[in-house]
Protein chains: 2
Amino acid sequence: MAFPAAVDEYLTGRCARWIGELGEFLAIPSISALSAHRADMERAAAWLAGRLRAAGLEEVRVDPLPDGHPVVRGGWHHLPGAPTLLLYGHYDVQPVDPESAWTTPPFTPTVRDGAIYARGASDDKGQVLMQVLAVEAWLRTVGRLPLNVEFLVEGEEEIGSPHLGAYIAAHQAELAADAAVISDTPMYAPGVPALCYGLRGLCNLEVEVRGPAQDLHSGVYGGAVANPAHALAAILAGLHDAAGRVTVPGFYDGVVPLSPAEREEWARLPFSEAGFLAETGAPDLFGEAGYTTLERIWGRPTLEVNGLWSGFTGEGRKTIIPARARAKLSCRLVPDQDPGQVLAAVADAIRAACPPGVEVEVLPGEADPAILLPREHPAVLAARRAVAALWDREPAFIRMGGSIPVVDTFQRNLGLPSVLLGFALPDEHFHAPDEHFHLDNFLRGARTLARLWQEYGDSR
Amino acid sequence: MAFPAAVDEYLTGRCARWIGELGEFLAIPSISALSAHRADMERAAAWLAGRLRAAGLEEVRVDPLPDGHPVVRGGWHHLPGAPTLLLYGHYDVQPVDPESAWTTPPFTPTVRDGAIYARGASDDKGQVLMQVLAVEAWLRTVGRLPLNVEFLVEGEEEIGSPHLGAYIAAHQAELAADAAVISDTPMYAPGVPALCYGLRGLCNLEVEVRGPAQDLHSGVYGGAVANPAHALAAILAGLHDAAGRVTVPGFYDGVVPLSPAEREEWARLPFSEAGFLAETGAPDLFGEAGYTTLERIWGRPTLEVNGLWSGFTGEGRKTIIPARARAKLSCRLVPDQDPGQVLAAVADAIRAACPPGVEVEVLPGEADPAILLPREHPAVLAARRAVAALWDREPAFIRMGGSIPVVDTFQRNLGLPSVLLGFALPDEHFHAPDEHFHLDNFLRGARTLARLWQEYGDSR
């Protein structure tokens with residue numbers, strides 16, 4: 001059927017109201033990482049549940065999690081035979097420090113230059129609200145949705161979703177769906193919506209090199225005892241070659257090479273090396289030889305030192321041989337690296353590189369695989385058509401260098417592909433002071449999602 | 001003349017009194033590093049000045065230093081034609097933390113197992129008092145000294161003597177002497193007094209590697225930007241080869257090779273590798289190939305990382321590319337390395353090793369040369385005879401791996417050789433909890449110094 005004009009008009013005709021509502025949601029300081037905000041978490045969950053009910057959703061509820069922040073749920077399931085979408089988002093936000101760096105207070109939402117400024121504006125309250133508005137527009141105009149939906153909005157995304165896996169396992173039947181739609185990613189660029197079909201995986205480890213029992217006087221002992229900081233430097237320096245390639249034996253095992261077609265597709269995306277460099281503030285770009293910048297961050301695995309410490313780091317000098325030296329490392333992984341095998345290979349390489357006179361211990365952390373999502377799934381094709389209808393262009397098919405663990409959980413535990421379609425812009429300061437969300441993308445995003453519901457519903 | 005028995009008897013017959021006085025001196029918490037102890041510094045200086053007067057010294061005074069801790073002075077100059085000794089020590093002490101690790105409170109001097117326990121017992125209040133008692137024994141028995149002496153006792157040794165150089169320059173004439181005697185070093189081992197004739201020099205620098213303008217998300221940017229922590233590790237790892245030798249071009253320029261005779265002399269000293277290893281608590285000893293442990297710490301230069309830090313070092317993980325990585329480095333130097341040239345060579349090597357994509361800055365610090373003292377100076381020969389008379393053995397001639405900058409100041413600015421003759425034991429916990437000083441060495445040390453005065457006075 002033709003897309004009902006009333007749905008679109010419902011959304012475009014009430015933009016002042018939507019912005020006011022987004023402001024209410026953003027004014028609640030739902031910082032999941034800080035226990036002082038526990039009551040705010042409950043307020044934010046309650047606000048959202050109320051908004052789902054007002055949108056016409058049914059069986060809306062707030063599920064408390066023991067030792068965690070509640071999950072907000074709600075659904076509409078009146079079209080047997082039509083597909084079902086699981087709509088995921090999160091209502092928790094990052095901490096705000098340094099608060100002094102905000103132009104306006106982080107929980108006093110302020111509109112300027114066409115954007116709303118507040119913590120959580122684009123990550124992810126604004127994007128969650130887009131989904132709710134799209135549903136409401138259908139229910140309040142046509143009186144029904146073109147498919148079935150189930151909302152799952154969590155409050156622990158910014159702290160690593162420690163309880164979500166267990167929650168999903170316990171509610172598997174209720175969450176059964178054909179695909180998930182997640183609006184928690186950016187567009188590729190202004191005016192260029194993106195469907196993200198690949199995410200890198202992640203594994204972490206910590207290394208400790210131990211030498212003397214305590215810090216030693218470098219005059220009394222220096223020259224006769226191995227220095228753990230030297231040993232750690234040697235171990236870490238040996239993990240890459242001068243061309244930026246990881247030297248760990250087996251590290252690249254399983255890496256699916258980028259296809260010529262994919263490389264060509266990425267090469268056609270508008271990309272400014274100068275703009276990217278300016279974003280980083282680094283003196284220059286640097287990476288694995290033979291790959292472009294986009295290929296390096298989207299399609300190649302990395303091994304990074306995230307932190308490093310040893311000995312005396314205060315002001316002035318203290319001439320010691322440190323007792324210990326430590327480093328935190330993480331690897332970004334690509335398909336089809338096995339995260340456990342990568343962790344083991346890195347740990348083995350570190351142990352093998354330990355020089356005489358010191359001992360090394362490797363403490364492995366979590367390991368999550370990279371993900372490649374289908375590009376030809378009917379839900380993805382529906383998203384593509386919805387974007388084309390609203391943005392006068394095809395979405396960019398992109399990968400991302402970061403990780404969204406819930407995508408793996410949906411795929412592995414519920415057998416669901418995810419459609420990653422978000423409308424934030426890459427420079428909207430997620431996790432940083434002056435986070436904001438452009439209101440034109442907020443409104444056009446809601447319209448795009450309303451269209452997606454129909455395109456996918458019609459496809460079956 | 002024969003050594004007057006009365007001098008020796010004066011010292012041995014009053015040991016309870018000397019221990020009581022040492023306790024008074026030690027009870028004053030004269031911690032030069034902590035401004036809260038400024039009044040204690042003045043009390044300690046006043047106590048010492050009073051003790052010098054009581055010993056019969058003349059023109060005793062406390063010289064205040066602007067922005068510093070006072071210098072205590074006093075002298076006896078009634079033998080024109082006889083040599084003059086400059087007697088140096090310090091009345092300030094190290095901080096006491098961790099205070100909870102002390103068996104008895106650091107400023108409640110306590111005698112147990114033949115030693116007095118308190119901060120400053122061996123470093124250096126006990127050793128300063130030995131000098132005072134040796135002078136008093138002569139003046140109260142014979143009525144005169146066998147030579148002239150001038151005391152210079154500072155209150156800033158533990159904070160690097162920031163004002164002593166200027167003080168010495170301003171009082172050069174008053175401090176004119178033939179040699180300095182410094183009792184601020186340990187014996188080689190129990191029962192083995194030592195004359196220290198060599199000290200390593202020291203130079204410091206700090207290295208900063210800069211990459212992105214701020215910490216970057218390792219998912220969004222990882223692979224396309226050089227990581228400053230990797231760059232620092234590579235730079236530091238390149239400063240030594242696997243055999244423990246410093247690879248900096250020019251680093252060993254000027255190093256005077258150890259002579260076969262000196263190596264043979266050191267090899268004859270009682271030395272336990274197992275005991276040394278146990279002191280360090282390290283898994284194994286390690287150092288430059290081709291040298292023994294004593295040679296490595298006394299006679300070979302080193303380059304050590306004293307501290308290292310970059311990125312996220314808190315609990316848990318934070319997957320970032322750090323904006324910066326820093327290290328503190330220091331070199332222990334041997335004769336005749338030029339400290340300024342070594343600093344420049346290390347800085348050049350670091351700059352030359354900077355990999356692409358980051359910038360490196362080197363911040364050079366102080367640089368003090370190594371020192372070799374004459375072994376045949378009449379004051380040294382007198383010390384040798386005094387030790388032989390009191391300890392039934394020749395002193396060990398040793399070098400030390402640490403630095404005592406005042407020795408260089410005396411040599412350079414006053415043209416004075418120093419006799420380094422101290423009676424602490426190497427394991428008396430200087431700078432650590434439970435610092436102590438063995439009372440038999442305290443008393444025999446005072447007698448040895450009283451004998452030294454005569455041996456040197458007689459030599460001219």
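This is a predicted model: local features need pLDDT of at least 70, side-chain atom pairs count only at pLDDT 80 or more; totals for chains, interfaces and linings use all residues.
## Interface between the chains

Chain B and chain A bury about 5300 Å² between them, and 56% of that area falls on carbon and sulfur atoms. The contact draws 73 residues from chain B and 73 residues from chain A.

Polar interactions also cross the boundary: 36 residue pairs, both at pLDDT 80 or more, are in polar contact between chain B and chain A. On the side of chain B that touches chain A, the largest share, 10 residues, is supplied by strand S11 (residues 302-311) of chain B. Two salt bridges are counted between chain B and chain A. Glu366(A) forms a salt bridge with Arg317(B), with 2.8 Å between the closest N and O atoms.

## Symmetry and the annotated domain

Chain B is superposed on chain A by a rotation of 180° with 0.0 Å of shift along the axis, at an RMSD of 0.1 Å. This is therefore the relation of a two-fold axis. The same surface serves both copies, in that 100% of the contact residues of chain B recur in chain A.

For chain A, UniProt lists residues 197-357 under "domain: Peptidase M20 dimerisation", in an unreviewed entry. In the model, this span of chain A is 30% helix and 23% strand, and its end C-alpha atoms lie 48 Å apart.

## Salt bridges within chain A

Over all chains, the structure holds 60 salt bridges. One of them pairs Glu262(A) with Arg399(A), the closest N and O atoms being 3.2 Å apart. The pair links distant parts of the chain: Glu262(A) belongs to helix H7 (residues 260-268) of chain A and Arg399(A) to strand S16 (residues 396-400) of chain A, 137 residues apart. Glu262(A) is buried, because its relative accessible area of 12% is under the 20% cut-off. Arg399(A) is buried as well, with a relative accessible area of 5%.

In chain B, the side chains of Arg447(B) and Asp8(B) meet in a salt bridge with an N to O distance of 3.0 Å. This pair links distant parts of the chain, since Arg447(B) lies in helix H13 (residues 439-458) of chain B and Asp8(B) in helix H1 (residues 5-12) of chain B, 439 residues apart. Both partners count as buried: the relative accessible area is 17% for Arg447(B) and 19% for Asp8(B).

Helix H13 of chain B also carries Glu455(B), and its partner Arg385(B) lies in helix H11 (residues 378-391) of chain B, 70 residues apart. The side chains of Arg385(B) and Glu455(B) meet in a salt bridge at 2.7 Å, N to O.

## A salt-bridge network in chain A

Salt bridges that share partners join a group of residues in chain A into one network.

Ser122(B) is located in helix H4 (residues 121-141) of chain B. At 1% relative accessibility, Ser122(B) counts as buried. Leaving aside neighbours within four places in sequence, the residues in contact with Ser122(B) are Gln127(B), Ala424(B), Glu428(B), Phe430(B), Glu435(B), His436(B) and Phe437(B).

Pro106(A) sits in the loop between strand S3 (84-90) and strand S4 (110-112) of chain A. Although placed in a loop, Pro106(A) is buried at 1% relative accessibility. When residues up to four places away in sequence are not counted, Pro106(A) touches Val96(A), Glu99(A), Ala118(A) and Arg119(A). The C-alpha atom of Pro106(A) is separated by 7.7 Å from that of Pro433(A), which is 327 residues apart from Pro106(A) along the chain.

Definitions and conventions
Residues are numbered from 1 along each chain as its sequence is written. Chains are lettered from A and ligands numbered from 1 in the order in which they are written. Side-chain values use heavy atoms; hydrogens and water are left out. Copies are superposed by least squares on the C-alpha atoms of residues with pLDDT of at least 70 in both. Contact means heavy atoms within 4.5 Å. UniProt positions are given in the numbering used here, feature names are shortened, and annotations may be inferred rather than shown by experiment. Helices (H or I, at least four residues) and strands (E, at least two) are DSSP runs, numbered from the N terminus. Buried means under 20% relative accessible area, exposed over 50%, partly exposed in between (1.4 Å probe, protein chains only). Buried area is the accessible area (1.4 Å probe) that two parts lose on being put together, summed over both. A salt bridge is a side-chain nitrogen of Lys or Arg within 4 Å of a carboxyl oxygen of Asp or Glu. A polar contact is a pair of N or O atoms within 3.5 Å; within protein, one must be able to donate a hydrogen and the other to accept it, and residues adjacent in sequence count only if both atoms are side-chain atoms.
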